[in-house]
Amino acid sequence: MKLLLINGPNLNMLGIREKSIYGSMMYKDIMRGLKQYASANGVKLTVYQSNSEGKIVDKIQKAYKRFDGIIINPAAYTHTSIAILDALKAVDIPTIEVHLSDVNNREEFRKTSYVSLYAKKTIMGKGKDGYYLAIDEFIKQS
Ligand code: DQA
């Protein structure tokens, strides 16, 4: 099974940014652990991070017919991006949305998620474990 993990803006700053909310583990270490876990479970995990909305849209479009699933943490674009929602709808690849923090228990503006309108599941508030749970979910359904 081939999964694409997409991380949006400022997630490359994990381990540095707002540690009390997002934890102190560095981005590259989290991603390394996920790749190892995926490969130990027969999953080829491709990881992509961008701070640019258009580049995320491009990456989703290029995933068409190439991946069995998408795991996406759109970060701040969660709350604003109809373009990312439309790209996911266009390629029609099963998608799980992940947020490290519990976005429903923070500022009002974080309660809106456009990606949720397409994602088959949203995992939030579990820190980096949310990414592992998303991989597990795809494995369970394969
Ligand atoms: C986030 C939550 C978003 O509201 C925020 O803009 C992020 C990270 C999370 O993983 O909890 O950058 O997606």
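Mentor: Let us begin with Asn 41, which is partly exposed at a relative accessible area of 37%, where buried means under 20%, exposed over 50% and partly exposed in between, using a 1.4 Å probe and protein chains only. Keep in mind that this is a predicted model, in which local features need pLDDT of at least 70 and side-chain atom pairs count only at pLDDT 80 or more, while totals for chains, interfaces and linings use all residues. Residues are numbered from 1 along each chain as its sequence is written, and side-chain values use heavy atoms, with hydrogens and water left out.

Trainee: OK, and where is the place of Asn 41?

Mentor: Asn 41 is in the loop between α2 and β2 (44-49); helices (H or I, at least four residues) and strands (E, at least two) are DSSP runs, numbered from the N terminus.

Trainee: What does the side chain of Asn 41 reach?

Mentor: That side chain reaches the backbone oxygen of Tyr 37 at 2.8 Å, a polar contact, meaning a pair of N or O atoms within 3.5 Å; within protein, one must be able to donate a hydrogen and the other to accept it, and residues adjacent in sequence count only if both atoms are side-chain atoms.

Trainee: And how many aromatic pairs does a search of the whole structure find?

Mentor: The search finds one, formed by Tyr 37 and Tyr 132, which is edge-to-face with 5.1 Å centre to centre and 70° between the planes. Rings of Phe, Tyr and Trp (its six-membered ring) pair if their centres lie within 6.5 Å, and planes under 30 degrees apart count as stacked, over 60 as edge-to-face and the rest as tilted.

Trainee: Which parts does the pair tie together?

Mentor: Tyr 37 lies in helix α2 (residues 27-40) and Tyr 132 in helix α5 (residues 129-141), so the pair ties together parts that are 95 residues apart in sequence. Tyr 37 is partly exposed at 26% relative accessibility, and Tyr 132 is partly exposed at 22%.

Trainee: New topic: is strand β4 enclosed or exposed?

Mentor: Five of the five residues of strand β4 (residues 95-99) are buried, so the strand is largely enclosed by the rest of the structure. Thr 95, Glu 97 and His 99 point one way from β4, whereas Ile 96 and Val 98 point the other way.

Trainee: Last one, what about the ligand?

Mentor: A polar side-chain atom of Ser 101 lies 2.6 Å from an oxygen atom of the ligand, and one of Arg 110 lies 2.8 Å from an oxygen atom of the ligand.
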